[in-house]
Amino acid sequence: MGAFFSDYKTDGFYDEMFSAPGVPRPHYVKLMERFQAMGPEDFERKRSLAASTFLNQGITFTVYSDNQGTERIFPFDLIPRIIPRHEWEHVERGLIQRITALNLFLHDIYHDQRIIKEKVIPEEVVRTAAHFRPEFMGFNVPKDIYVHICGSDLIRDNDGNYLVLEDNGRCPSGVSYLLENRQVMKRVFPQLFGRYRVRPVESYSHELVNLLRYVAPGGNSDPTVVLLTPGIYNSAYFEHSFLARSMGVEIVVGQDLMVKDDFVYMKTTRGLKRVDVIYRRIDDDFLDPLVFRKDSMLGVPGLVNAYRKGNVNLANAIGTGVADDKVTYYFVPKMIKFYLGEEPILPNVPTYLSMFEEDRKYMLDHIHELVIKSANESGGYGMLIGPHATKEDHEKFRKAILENPRNYVGQPVVNLSRAPAYCDGAIEGRHIDLRPYILYGEKITIVPGGLTRVALKKGSLVVNSSQGGGSKETWVLDDED
Amino acid sequence: MLSRVAESLYWLGRYIERAENNSRILDVNLQLTLDMDHGDHDERRDWQPILATLEDQTLFNKHYPVITADGVCEFVTFAKENPHSIISAVARARENARTVREYISSEMWERINSLYLWLNSVAARQLFAASAIDFYRQVVDYSHQFHGTTDATLTHGEGWNFLQFGKFLERTDSVSRILDLKYHILLPSGEKVGGNVDALQWIAVLKSCSAFEAYRKLHTGNVTPASVAEFIILHDSFPRSIRFCVSGLVQALHALSGCDLAHFSNEAERLAGRLCMDLNYVTINDIFQTGMHQYLDRIQLRLIEISSAMYKDYCEWLEPDEAAATQEQRQ
């Protein structure tokens, strides 16, 4: 490896670090100097220090490629992604606007359905959404908050504009990596860290527990909060445990809880203890075998009834999945106008809906140049990247679209911005996205930055950890550079 | 504390201790077989006692055609199909630690996790091949580090007491098995009880409990069976003696309930207190008259009773009988 960044190419993509080959953007200058002053051995040492820290602390996720489920560390790239202050302020405003509109939308569709009556969203979209829960029509959630914790994925196009790729309004994960990445980075690059004024992220857990306490039913001033996990074999168990620990709340599995007279209790060595708020990291379907999936061993029988009676609150609320359906996504800019009377600050990626005849025709004709996604899958599954796919795959998706037009959306391939990443002994540009974490409680707070995911495979646009993605530290600066 | 967390901490304490004690047992037997050059290398005779002590004979036979030193060491150390092997015990300890990750300190987790990663690494295999004795010492070191870290970083509250209870219960059981190992080891033909080989074997038993040096401070003369057994069963302050461990588990139980030591507030405390009293007042002659093997066997059974009583008292969560409650109100 020569001097750092000496033969780095931007290949015509929007690059986070370089405005042109060899010309770093102002907020990356100090970082570039630090890396160039470092020898390859020094860099290697830092890399292995970071990797062993993750492994020793058990910061791993589980891959279900075989029956065993092997533990892997989420690859961490040492070169941070830096966001200058003015950029972040723009993103922050956009996200606050978006989560406000999403919550108003959820309240509306579970009550008056004004947005349907006024024909902004077709009735069919809501009715057929896989995660719409008509049994909760008319139900009032505490403080009218549905999505308490939201992770909206952002990407940047060729001109560096931030666009929203999707919203995650059920159980967005990954925030623990963001928090642990920061700890590791401080250990590995103390001086570099000191040279920038990086906005801290450490208050996330504190903000989260405050939010959970705020939404306790009946205005209880000293509520008991627990985190409900599917258990240690879940791929995000590390995160569940990390969050419970840093919030100082109990982490429970379904069998630790029981419902008696429509109140929820946990089973302790000293008897039963009342539970007021459950931060559940289990999907709706598994919450309560009496109401949803009968075969669920993860949930708590009677929980939904206790929730309906207002004796316990759940974060996020039941039925929020209708808001992060990829078809609903298409309508979010319209929601923003409808509920807030504002123009969306963060635009969507242009999207076609195969349920509309004209769009469908376009999607079928241009499938080789579009990204096709099914409405309710995530993690990079159920998706076709037209230009990279084979003719057979094109046919398969054409057929699927025709069979179930409600279930597909199409988007032009957006060339995600790139940032330098260390891959196989060289530093090369790799595509990245950004998942910020938005907390909606007494006020809306967003942890500065978020989790930057990077597609470590050369040329790949898929950043998910299950598909060869890694992460980077994200620094939001308190000043411009 | 969640009953499930209490249970996991209890098992965490047990499994770490089990890994340590299996290492000690194998270490001592390796040393013994090295010390005693019988010339005939009867591996079956040398290693069968290990399987008898650990009560793993049946499972072993399923997987190995004959008893060899390598086979037994492999089976008790690395065999994943053996639920009591060192590697299985550590994997289970880690699994329990993972379920209570938010309860234990990060330092404790890192100790267990690095033991687990090391046992599954090539480095561990290489050390095992180069010097099995060093390998077992390393496992024991890890366990000591875990206990030290636990004492220094975990609040000495409810969870800590469940861990202590598990640790002392398992240690009592293991020490009784190590001592019992001597019962299963046959003296080579021509050797007399009280002879050189017999003394060597008793010294090995002491060493496997890290008790040789402490024992020597008390007894400078000949190593006799009675003095060794007395030391290991009845010493009041040596941390691996049976009496000490039982008194440790009694204290853990009373710390959990808050009941003073002169009384009991639940079944586990009653059973443990009774065992403790027996050990306080029995003499080594009484034990030899009963037969040491029988005496130790009885202790192992009483430990099972204590652990299931503890489980009932704290972990087997029963719904209050609502019907009975309503009836009481009617009366």
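In chain B of this predicted model, 69% of the contacts with a separation of 6 or more link residues 24 or more positions apart. The secondary structure of chain B consists of 17 helices and zero strands. Its radius of gyration is 21 Å, close to the 20 Å that the globule rule gives for 331 residues, so chain B is as compact as a globular protein of that length. Along the principal axes, the C-alpha atoms of chain B fill a box of roughly 80 × 50 × 40 Å. Of its 331 residues, 44% count as buried.

Helix α10 of chain B covers residues 196-208. At 1.5 Å a residue, its 13 residues should span 18 Å. The end C-alpha atoms are 18 Å apart, which agrees. The buried residues of α10(B) are B:Gln201, B:Trp202, B:Ile203, B:Ala204, B:Val205, B:Leu206 and B:Ser208. They pack against four helices of chain B, namely α1 (3-35), α9 (158-184), α11 (212-218) and α12 (225-234). Just after α10(B), B:Ser210 has a positive phi of about 55°.

Helix α16 of chain B (residues 292-315) holds B:Leu303. This leucine has 22 other C-beta atoms within 10 Å; the cut-off for a buried residue is 20 or more, so B:Leu303 is buried. Beyond its neighbours within four places in sequence, B:Leu303 is in contact with B:Leu169, B:Thr172 and B:Asp173. From B:Leu303 to B:Phe146 the separation is 157 residues in sequence and 24 Å in space, C-alpha to C-alpha.

**Two sheets of chain A**

Chain A has an open sheet of four strands with parallel pairing, in the order β9-β8-β13-β14. From one strand to the next the twist averages 30°. Within this sheet, β8 (residues 225-228) and β13 (residues 277-280) of chain A pair in the parallel sense over four bridges. A:Leu228 has A:Arg280 in β13(A) as its bridge partner.

The table sets them side by side.

| Helix of chain A | Residues | Strands of chain A touched | Angle between directions |
|---|---|---|---|
| α8 | 204-214 | β8, β13 and β14 | about 110° with β8(A) |
| α9 | 237-247 | β8 and β9 | about 150° with β9(A) |

Another open sheet of chain A has three strands, in the order β10-β11-β12, and its pairing is antiparallel. Here β10 (257-260) and β12 (271-274) are the edge strands, and each pairs on one side only. Neighbouring strands are turned by 45° against each other on average, direction ignored. β11(A) and β12(A) run antiparallel and are joined by four bridges. A:Met266 stands opposite A:Lys273 in β12(A).

**Where the chains meet**

The contact takes 16 residues from chain A and 18 residues from chain B. On the side of chain A that touches chain B, α9, β9 and β11 (263-268) each supply at least two residues. What is the make-up of this side: how many residues are nonpolar, polar and charged? Five are nonpolar, seven are polar and four are charged. The contributing elements tie back to the sheets. β11 belongs to the antiparallel sheet.

Definitions and conventions. Residues numbered from 1 in each chain as written. Chains lettered and ligands numbered in written order. Predicted model: local features only at pLDDT ≥ 70, side-chain atom pairs only at ≥ 80, totals over all residues. Rg over C-alpha atoms; globule rule 2.2 N^0.38 Å. Buried ≥ 20, exposed ≤ 12 C-beta atoms within 10 Å, placed from the backbone. Contact = placed C-beta atoms within 7 Å. Pairing = 2+ DSSP bridges. Axes fitted to C-alpha atoms, helices over the stretch in contact; angles between N-to-C directions. Nonpolar A, V, L, I, M, F, W, Y, C, P; charged D, E, K, R; others polar. Expected span 1.5 Å × (residues − 1).
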